[in-house]
Amino acid sequence: MHTLLKTLINKMKDKKTTNKKSFQLEIASKMHSAKLKQKTTGPAYAWPMGIWFTIFFIVPILIIICYSFMKKDMHGGVQKVFTLSAYKSIFAKDNDTGKFIYLPILFRTLWMTIISTVFSILLALPCGYAIARSKHQTMLLILVIIPFMTNSLIRIFAWQTILGQDGLLNQIFKFFEIIWHFITGNKDWAFVPHKFMYTKAAVILVNIYMYLPYAILPIFTSIDRFDFSLLEAARDLGATKFQSVIKILLPGIKSGIVSSIIFTFIPIFGNYTVPQLVGSTKSYMLGNIIMDQIQKARNIPLASAFSVLLTIVTMIAILFMLASDKHEKNLKKQEKNNH
Amino acid sequence: MEFLSSLIIEKLKKKSPKSENFRHAKSNWKKRAVAFSYSNFILCLTFLFLYIPLFVIIIFSFNKSEGAKLTGFSFRWYEELFLHSGSLWMSLFYSAVVAFASALIATILGTLAAIGISWYRFFGRNYIQSVSFLPMVLPEVIMGVSLLIFLSGINMNLGLTTIIIAHATFCLPFAYLMVSSRVDEFDYSIIEASHDLGATEKQTLFKVIIPAIMPGIVSGFMMSITLSIEDFVITSLVNGNVETLPIFVYNMIRHGVSPVINSLSFVLILIICFIAILLRKGLKSFAAAH
């Protein structure tokens, strides 16, 4: 829920400042901000929030960064000694089998996240396009939002009912198999339930389900703002429909696609509930390791090290997005200067 | 949801798109009759994908037996939900308390900060702004884990207070954003006028600024409440013994599923649809008034 809303709000703000603010208003606001520099009321308004975030967000994050460099003690606490052992144990090997313990989970998290993100975007592109083109945008948007507003655990539970041992999907399969065996006349046959739940495929499917709206909404906003006369021009100049979409539409909505990718990638990468409830230990992801280390193994330094890793990946993704935004803005500026 | 409403209002209000050409092209594009196209087809499939789980839940909530097989129609699980699920309603009560308290904290701090950051330049302004952006983008697990370690580090007992602190922290950025998008639209000369007419800072705040940015404050508050009621991951780390609704549901799913969840879900889905439709009607009248 979180991140997506933020982008959209930002997008809307952009629109407002570029489209609506008149020149005079801008000058007036500049003048008063110059005047306000001497005032002292600003800090009194803003610092309560600043202090709250510092205490309950920044300090805790700094603490886990420190803890990730410390040693685990016997009672589930930490010894205040500097060591890199937590980071080393990310690469730890199992004593019996000689295989890496955590590395496969990290790689699995990465590829499962990438697959889920790619599928979400591939679904979201035509959906965003169809919604932007439709006459009933508001209706369709509300339809996208409703499942998204339902409690996430309830939606996961719904998938359990569908995918489970004698869930809906298995019953449908059973029905068709009965018909098939009736036609072929095979009598000594018993239905073996298919295994849908507790597989990697189930985790990927439910991840796509959970985060699809995150992908659709940014793409929708960027397509909605896209200048459709460009598409017409392309068609007039002889491009096929496919060419005009690939060469005109997709580059035009690049920033929307990038934010969609980021805002599906980040939450899926740090996801905990989906692999926990529809996956098995064979489809555990990074979030599950962190929670396990905190709740069961009580190895705080290791959990902190994994959290730092997750934070770094997230930060890289965000910086990537900001960079592509900046790049686009620069291009637009250059265009303006050229004219 | 509130965010959606603002998005839609924005869309309805939008009267001056980029250019004449832009508008013509777009309206031409829209005038075409709804015909079969790949994008519409995929949209329909996606809606099926999005709604099938919800329908499954609704159907199973009227199921007679406990298992995953449909055996007959009954209101058994609704009876159970409304009459025999004391602990469920208790968890809902806790959720409501947490949501209200944390939304209140988040909205008050967020409103003040929005006013301060939009209109004043001072030391630490950039810091506060960028810090308020971070909780929205970091995965929930990290925020939960770091808060848990911090709270146990200062020997705070986990319980209702810690849940409220955690929720207020992750709701605050949204409340701030909602209010600040409203404050940005606000004409500062009105405040100068109130100062010129002799109002003190406090009078200006309560009689001029807050009434003017009320819509932003209300949507920030509502948004915080929805986020707070939704949250599971962070709550499950800092909750101690207190069970909020998502935690109750999670425990139900983990230890022997009871179909009561189905009936509860249907009630929740109904409420959400109701809000959505209400919002839509409100939007239409809003658009007509302009």
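This is a predicted model: local features need pLDDT of at least 70, side-chain atom pairs count only at pLDDT 80 or more; totals for chains, interfaces and linings use all residues.
**Notebook: chains A and B**

I started with I183(A), which sits in helix α8 of chain A, residues 168-184.

I checked how open I183(A) is. Its relative accessibility comes out at 61%, so I put it down as exposed, the cut-off for that being over 50%. Then I looked for what goes with it. I183(A) turns out to be part of a nonpolar surface patch of about 680 Å².

Next I went to the contact between the chains. I counted 114 residues from chain A and 113 from chain B taking part. Together the two chains bury about 11200 Å², and 77% of that is on carbon and sulfur atoms. On the chain B side, helix α3 (residues 38-61) gives the most to the face touching chain A, with 15 residues. I looked for salt bridges between chain B and chain A and the count was zero. Polar contacts did turn up: eight residue pairs between the chains, both residues at pLDDT 80 or more.

Last, I looked at backbone angles. R298(A) has phi near 55 degrees, a positive value in a residue that isn't glycine. I found R298(A) in the loop between α14 (286-297) and α15 (300-338) of chain A. With a relative accessible area of 40%, R298(A) is partly exposed.

In chain B I noted N155(B), also not a glycine, with a positive phi of about 55 degrees. N155(B) is in the loop between α7 (140-153) and α8 (160-185). Its relative accessible area is 68%, so I logged N155(B) as exposed.

Definitions and conventions:
Residues are numbered from 1 along each chain as its sequence is written. Chains are lettered from A and ligands numbered from 1 in the order in which they are written. Side-chain values use heavy atoms; hydrogens and water are left out. Patches are made of residues with over 30% relative accessible area and no salt bridge: like charges are joined within 9 Å, nonpolar side chains (Val, Leu, Ile, Met, Phe, Trp, Tyr) within 5 Å. Accessible areas come from the Shrake-Rupley method with a 1.4 Å probe; for residues, only the protein chains shown count as cover. A salt bridge is a side-chain nitrogen of Lys or Arg within 4 Å of a carboxyl oxygen of Asp or Glu. Helices (H or I, at least four residues) and strands (E, at least two) are DSSP runs, numbered from the N terminus. Buried means under 20% relative accessible area, exposed over 50%, partly exposed in between (1.4 Å probe, protein chains only). Contact means heavy atoms within 4.5 Å. Buried area is the accessible area (1.4 Å probe) that two parts lose on being put together, summed over both. A polar contact is a pair of N or O atoms within 3.5 Å; within protein, one must be able to donate a hydrogen and the other to accept it, and residues adjacent in sequence count only if both atoms are side-chain atoms.
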